[in-house]
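Please read the numbered points with the sequence and the model in view.

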Amino acid sequence: MISALLGQKTSRPPVWFMRQAGRYMADYQKLRKEHSFMELCHEPDLATEITLQPIRSFGMDAAIFFCDILVTAEALGSQVDIIEKRGPVISNPFRLTSDMDRLLSPAEAMGKLDYTSKALKQIREALPEEKALLGFVGAPLTVASYMVEGGSSSTVPTVFKMIAEEPTLFQGLMERLTDLSILYIKSQRESGVDAIQIFESWASLLPLSIYREHVFPHLKRLVEATHHPEKPLILFALAQQPLWDVLGTLPVHALSLGHGLSLTGMRDRFPGKALQGNLDSRYLLCERETLLGAADKILEEMKDQPGYIFNLGHGITPATPEGHIAALVDRVQNLN
Ligand code: CP3
């Protein structure tokens with residue numbers, strides 16, 4: 001996994017999936033019935049168990065830390081809850097200058113994230129040595145969008161208004177999130193993670209000109225402050241080509257693409273970057289042969305290409321049959 005992320009040739013592509021631990025797994029559902037989602041994140045023994053479940057069942061080449069991008073928002077003072085069928089809800093949204101005054105400092109917020117170091121150390125200890133451990137953070141805009149909107153929004157009207165009318169307040173929030181994320185990435189590395197994925201899921205909800213002026217400088221500072229020659233950064237975004245042309249200039253080792261983009265096209269555009277992705281998650285709801293056929297097409301396209309990691313374009317959806325995930329892992333790991 002790490003060789004591939006560093007752009008080196010490997011005997012086959014490594015494979016892991018976003019949301020590889022989660023509701024499609026019966027083992028996860030059992031624990032979820034007894035605990036709220038945030039409890040699962042906060043309790044290191046539970047987070048450790050859930051992180052390891054898909055590795056035990058399917059043997060992916062990497063484990064991703066079971067947690068959520070919104071724990072940084074929570075550590076700064078947002079009241080975060082994940083509600084069945086609705087997703088994240090933040091009951092005290094960030095809207096006013098007085099909300100800025102109430103946010104904790106980055107160092108104070110790190111103190112609230114102690115449970116993550118404890119969980120990561122346990123996970124690294126329990127994980128077979130040949131499996132990579134991936135940590136992650138939400139990019140400042142993606143986390144800020146939940147803090148400001150108070151939950152998921154496909155149009156982010158309140159973020160848009162804040163940037164237009166109170167750019168200094170928005171900038172203050174982005175700086176605070178960036179400062180905390182820099183500390184959090186360093187702490188995850190100290191706790192044993194091999195690579196970090198930055199989730200900029202909602203990058204394309206703002207016009208590109210606004211993104212470049214008000215968002216990109218913060219992401220750039222985050223990436224430049226946490227670049228590491230042996231512990232790669234992966235940047236995930238749901239973005240079209242013009243936005244990737246901006247994001248691809250950042251000093252990350254790997255780009256994780258949503259479905260629909262051409263992997264070889266992106267390879268031509270960014271020859272120095274490892275690529276990850278980008279099987280359309282909707283194939284997970286098709287017949288097994290359809291799914292494997294689509295996977296084979298990608299594997300053929302990226303055959304002999306160094307620096308390629310097999311993954312989906314986005315996360316595993318809850319209705320996915322577990323047998324489909326077993327079949328996909330098997331197909332990639334038995335390539336010759
Ligand atoms: O990939 C992994 O398995 C690691 C753990 C992880 C989760 N969320 C677990 C989770 C990671 C890396 C995330 C990232 C995340 N969280 C993102 C960025 C990636 C993306 O999907 O674009 C975002 C935007 C969030 C915020 C968030 N958390 C949302 C939108 C939701 C609701 C999702 C839904 O389908 O209902 C969550 C909750 C969440 N995070 C779940 C899981 C397994 C489901 C919680 C449950 O059991 O009810």
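1. Strand 7 (residues 254–257) and strand 8 run parallel and are joined by 3 bridges. Strands, like helices, are DSSP runs numbered from the N terminus (H or I, at least four residues, for helices; E, at least two, for strands), and two strands pair if DSSP finds at least two bridges between them. Within this pair, Leu-255 stands opposite Leu-275 in strand 8. The chain passes from strand 7 through helix 14 (residues 263–269) to strand 8 in a right-handed β-α-β crossover.

2. The model is predicted: local features need pLDDT of at least 70 and side-chain atom pairs count only at pLDDT 80 or more, whereas totals for chains, interfaces and linings use all residues. Residues are numbered from 1 along each chain as its sequence is written, and side-chain values use heavy atoms, with hydrogens and water left out.

3. On its other pairing, strand 8 is joined to strand 9 (residues 308–312) by 5 bridges, and these two strands also run parallel. Gly-277 stands opposite Phe-310 in strand 9.

4. Is strand 8 enclosed or open? Strand 8 (residues 274–279) is largely enclosed by the rest of the structure, because 6 of its 6 residues are buried. Buried denotes under 20% relative accessible area, exposed over 50%, and partly exposed in between (1.4 Å probe, protein chains only).

5. The largest nonpolar core holds 126 residues, and those touching the most other members are Phe-17, Ile-198, Leu-219, Trp-244, Leu-247 and Phe-310. Helix 11 (residues 167–190) gives the most to this core, with 9 residues. Such a core is a set of buried Ala, Val, Leu, Ile, Met, Phe, Trp, Tyr and Cys residues joined through side-chain atoms within 4.5 Å. Beyond its neighbours within four places in sequence, Leu-247 is in contact (heavy atoms within 4.5 Å) with residues including Tyr-211, Phe-216 and Leu-219.

6. Helix 11 has 24 residues, which should span 34 Å at 1.5 Å a residue; its end C-alpha atoms are 35 Å apart, which agrees. The expected span is 1.5 Å times one less than the number of residues. Gly-192, with a positive phi near 115°, follows helix 11.

7. A search of the whole structure finds 11 salt bridges, each defined as a side-chain nitrogen of Lys or Arg within 4 Å of a carboxyl oxygen of Asp or Glu. Glu-165 and Lys-161 form one, with the closest N and O atoms 2.7 Å apart. These two residues are separated by about one helical turn, because they lie 4 residues apart in helix 10 (residues 157–165). Another salt bridge joins Arg-282 and Asp-280 (2.8 Å, N to O); Arg-282 is exposed, at 55% relative accessibility, whereas Asp-280 is buried, at 16%.

8. Where does Ser-201 lie? Ser-201 is in the loop between strand 5 (195–200) and helix 12 (208–226). At 10% relative accessibility, Ser-201 counts as buried. Residues up to four places away in sequence aside, Ser-201 touches Thr-142, Phe-236 and Leu-238.

Conventions:
Right-handed = clockwise from strand over helix to strand, strands pointing away.
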